[in-house]
There are 2 protein chains.
Amino acid sequence: MSLPSRHALVPFVSVENMMRLVLHIGPERMMVELAQTIEDDFRRWPEFDKTPRVASHSDIGVIELMPTSDGRHYGFKYVNGHPANTRQGLQTVTAFGLLADVATGYPILLSEMTVLTALRTAATSAMAAKWLAPRDARVMAIIGNGAQAEFQALAIKALCNIDEVRLFDIDTAATRKCVANLAGRGLRVVACATAEDAILGAQIITTCTADKQYATILTDNMVGGGVHINAVGGDCPGKTELHRDILIRAGIFVEYPPQTRVEGEIQQLDPDHPVTELWQVIAGEAPGRTDAAQVTLFDSVGFAIEDFSALRYLHQALPGTDFYQELDMIADPDDPRDLFGMLCRAEASAKVA
Amino acid sequence: MSLPSRHALVPFVSVENMMRLVLHIGPERMMVELAQTIEDDFRRWPEFDKTPRVASHSDIGVIELMPTSDGRHYGFKYVNGHPANTRQGLQTVTAFGLLADVATGYPILLSEMTVLTALRTAATSAMAAKWLAPRDARVMAIIGNGAQAEFQALAIKALCNIDEVRLFDIDTAATRKCVANLAGRGLRVVACATAEDAILGAQIITTCTADKQYATILTDNMVGGGVHINAVGGDCPGKTELHRDILIRAGIFVEYPPQTRVEGEIQQLDPDHPVTELWQVIAGEAPGRTDAAQVTLFDSVGFAIEDFSALRYLHQALPGTDFYQELDMIADPDDPRDLFGMLCRAEASAKVA
């Protein structure tokens, strides 16, 4: 068979190549650059075709497609959420994504997105903290020390100059794993015995717990004035992490309200409770933190534009590197109307060979 | 780096491997088997999670995601439609698809679907003709001799025992291509100078034109009693092939009414014009052809369940063959909570190597 043309080949970033790329760039630098790309895209938010994710629910999980487009590129992410997967040694969340050229509809990048989503989620939290947390924040707490924890610590260190991270998880093994992974990365890492202990002196608090059954990670009396909270773990209907009273007194910032009202912490509030869209703060259209004593909350659920930004970043990072392979994914007959003839010629050349 | 586990690897069928598979099985046998799989899935239609496709429109085309699930498997197809692509030597429609395990959310198959869609579209038309066309049909006409034409001819030959196919296209080069590709395949192939000539004596008529500007391929006076029409080409808003008067007197069969009323020939009719869902005929819940003189019309737009069936067929056809490669697409850390540790270990083993 003859070789497929350039159009037929789609660059693919495998998990191994993604890890090589992250290690080559460095996780902190990559999250800083991802945050910059996400910020650039948030600043031009009205240009995007936005839609809540398309979910297929089953008794034990959900599979979602998250598409968006800026009119030049189209991107979507496939992502599942299956809390019971860990019992079989599988990931709760896995993902892959695709970027396409709107002008032709042809895919231009396919990538693993389990690792990339962890990076973009932390980069988005850090971007929110950069805009909303007190300027003098030096201490952060992470409640929930699972797959997202180290990424949160390093992204917020890199973007907000944090020098101490305080860790708590109901499973001490998760905290030990996190302490070990963060050793030697320029952070003072403190394992704490309680959530109350962890947030002591922290100006930035990230909650990133995975389990649906621990619905009140933070209660109102635990949260002092002037802190910024990234609520990362509450990201689907019926799953929240913060007591409602915290929400009532906080300035709440969200990605895309139609999605966050269903999936985020604010599903506990009235549907017309005032929230600010984070992109508006970045674009200068709405205030961020209004005073030093305010509690700010980024009610993060993960939105398609962040994945789009991550794919766009990846797409410009690949040329000239060997962090991808090319997949023969698009049929490309010499005459586009002659798909069957392409088959016939494949048969003829197979007989010759 | 250590080898990824079995769960991390997703079988991928490239265009080249799809062509090898089609040639190995044989296009006719493969379309017969696809039609059987689609029929099996249509028969259990109520088990499926159905939704109209999720479309992202631009001035020059559309990119769509078509998801569905039967509760055991989840599938979706990515497909674009860009009529102007042929001017650049690109395909108007390209596609790929994915099948996943609902229990874990893990992908289990990624495949090119440009070739596979051509096969499943023809298999679906032939399945409809098998249920709706007159039993003694021996002659078919194909108006529009582009990428779908040969597949239609061979699928309907294989499922309905057609022995003559009459071809017409406004572009005689397309007809010549089609005549050449169908030579030696057991069909009497007749190139015709007009659409009227092509449908002479044909009991089955397939319209599969691609261009939006030729909106009336068949007029009412051209269509005699007792024929079956597969209207394949009219498949998006503003694109139809048949004169409205044909629709008024035909028995109309569709895939999924909420989608067909927007995209199919019946966008020309009132939104409550009676139609029969094809699955109901197959499941014995609605009559098909009611008398020998009836004009039956399958208003085909392509539905997600057909793609699901095609992926399901492909998934069971692959084991033990070499028609696929394995992609390292899913991150698979030893401890699912230790995604960052997987990165660290990749770094450590890279340093050792």
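Through which surface do the copies, chain A and chain B, meet: the same or different ones?

Modeller: The copies meet through the same surface, because 100% of the interface residues of chain B are also interface residues in chain A. Please note that this is a predicted model, in which local features need pLDDT of at least 70 and side-chain atom pairs count only at pLDDT 80 or more, while totals for chains, interfaces and linings use all residues. Residues are numbered from 1 along each chain as its sequence is written, and chains are lettered from A and ligands numbered from 1 in the order in which they are written.

The contact itself draws 71 residues from chain B and 71 residues from chain A; two residues are in contact if their C-beta atoms, placed from the backbone, lie within 7 Å. On the side of chain B that touches chain A, the largest share, 8 residues, is supplied by helix α11 (residues 339-352) of chain B. Helices here are DSSP runs of H or I with at least four residues, strands are runs of E with at least two, and both are numbered from the N terminus. By residue class, that side of chain B comprises 40 nonpolar, 22 polar and 9 charged residues. In this count Ala, Val, Leu, Ile, Met, Phe, Trp, Tyr, Cys and Pro are nonpolar, Asp, Glu, Lys and Arg are charged, and the others, Gly among them, are polar.

The arrangement of the copies may be described next.

The fold of a single copy gives the context. Chain A contains 11 helices and 15 strands. Its radius of gyration, taken over C-alpha atoms, is 22 Å, close to the 20 Å that the globule rule (2.2 Å times the number of residues to the power 0.38) gives for 353 residues, so chain A is as compact as a globular protein of that length. Along its principal axes, the C-alpha trace of chain A spans about 80 × 45 × 40 Å. Of the contacts in chain A with a separation of 6 or more, 72% are between residues 24 or more positions apart.

An automatic or database domain assignment divides chain A into domain 1 (6-115 + 306-341) and domain 2 (118-302). The C-alpha centres of these two domains of chain A lie 25 Å apart. Contact between them involves 23 residues of domain 1 of chain A and 24 residues of domain 2 of chain A. On the domain 1 side of this contact in chain A, α2 (27-43) and α10 (304-317) each supply at least two residues. The largest share of that side, 11 residues, comes from α2(A). The residues of that side divide into 14 nonpolar, 2 polar and 7 charged.

A residue is buried if 20 or more other C-beta atoms, placed from the backbone, lie within 10 Å of its own, exposed if 12 or fewer do, and partly exposed in between. In chain A, 56% of the 353 residues count as buried. Helix α4 (residues 149-160) of chain A has 12 of its 12 residues buried, so α4(A) is largely enclosed by the rest of the structure. The buried residues of α4(A) include A:Glu150 and A:Lys157 as well as A:Phe151 and A:Leu154. The end C-alpha atoms of α4(A) are 16 Å apart, in agreement with the 16 Å that its 12 residues should span at 1.5 Å a residue, counted as 1.5 Å times one less than the number of residues.

Just after α4(A) comes A:Asn161, in the loop between α4 and β8 (164-168) of chain A. A:Asn161 has a positive phi of about 60° although it is not a glycine. Most residues other than glycine have a negative phi. A:Asn161 is exposed, with 12 other C-beta atoms within 10 Å. In chain B, B:Asn161 likewise has a positive phi of about 60° and is exposed.

In chain B, helix α3 (residues 114-132) reaches 27 Å from its first C-alpha to its last, and 18 of the 19 residues of α3(B) are buried. B:Glu263, in helix α8 (residues 257-263) of chain B, counts as buried with 24 C-beta neighbours inside 10 Å. B:Glu263 and B:Val301 are 38 residues apart in sequence and 6.7 Å apart in space, C-alpha to C-alpha.
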